[in-house]
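Hi,

Here is the structure I promised to pass on. Have a look at it first, and my notes follow below.

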Amino acid sequence: MLEKEMLQEFYDYMKHHSSHYWIHWNMRDINYGFPALEHRFKILGGEPYILDDSKKVDLSRVLVALYTNGYAPHPRIVKLMEMNFITAKDLLDGPGEAAAFENKDFVKLHQSTLRKVDVFCNFLGRTLDGSLITKSTWWELNGGSLKALGEFISNNWIFTLIAGVVGIAAGIYTFI
């Protein structure tokens with residue numbers, strides 16, 4: 001059976017690359033994720049390799065942690081792609097993938113998977129170099145507090161200079 005062979009190849013690959021970090025998007029539960037793949041492989045009579053959770057990096061959660069929940073509207077992958085001018089060529093949504101699977105159009109599924117890998121790599125690269133465009137405001141990114149605003153002002157020499165000049169002027173004015 002093709003599905004079992006594909007999953008066996010996947011788990012063999014995973015086992016040989018278990019020291020690497022595995023970047024994924026919301027693959028956390030039995031409905032859609034590593035547990036779902038494990039369950040399916042067991043149903044087909046296979047024995048999945050269980051990757052340590054410390055090697056799984058959920059990019060969707062990383063982006064929320066870095067940029068807050070408001071970094072992109074839902075559906076986040078598509079909206080984040082649009083905001084960053086990343087094309088959706090060959091990308092299938094959930095219903096499109098299901099239809100391709102039902103129609104045994106595995107080439108389309110493969111192209112969609114490759115596109116998602118490319119998109120996630122793009123998101124990660126832009127996150128690391130600081131160029132990912134999000135809807136997050138400066139205020140949200142810096143904790144949304146007066147303390148964060150005070151730290152920003154104290155770490156910026158222009159604001160420090162302005163505050164100093166205003167302070168001196170106020171002192172002179174009150175002295176006169």
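Helices here are DSSP runs of H or I with at least four residues, numbered from the N terminus. Keep in mind that this is a predicted model.

With that in hand, take helix α4 (residues 76-83): Lys79 and Glu82 both sit in this helix, three residues apart, or about one turn. The two form a salt bridge, with 4.0 Å between the closest N and O atoms. Lys79 is partly exposed at 29% relative accessibility, and Glu82 is partly exposed too, at 48%.

Which parts does the Arg28 and Asp58 pair tie together? Arg28 is in the loop between β1 (22-24) and α2 (34-43) and Asp58 is in strand β2 (residues 56-58), so the bridge links parts 30 residues apart in sequence. The closest N and O atoms are 2.1 Å apart. Asp58 is buried at 9% relative accessibility, and Arg28 is partly exposed at 37%. In total, the structure has eight salt bridges.

Then there's the helix packing. α5 (residues 94-102) and α6 (residues 106-129) pack at about 145°, their axes 8 Å apart. From α5, Glu97, Ala100 and Phe101 meet Phe106, Lys108, Leu109, Ser112 and Lys116 of α6. That contact comprises four nonpolar, one polar and three charged residues.

Cheers

Methods:
Residues numbered from 1 in each chain as written. Predicted model: local features only at pLDDT ≥ 70, side-chain atom pairs only at ≥ 80, totals over all residues. Heavy atoms only, no water. Axes fitted to C-alpha atoms, helices over the stretch in contact; angles between N-to-C directions. Helix = DSSP H or I, 4+ residues; strand = E, 2+ residues; numbered from the N terminus. Contact = heavy atoms within 4.5 Å. Nonpolar A, V, L, I, M, F, W, Y, C, P; charged D, E, K, R; others polar. Salt bridge = Lys/Arg side-chain N within 4 Å of Asp/Glu carboxyl O. Buried < 20%, exposed > 50% of the residue type's maximum accessible area, 1.4 Å probe, protein only.
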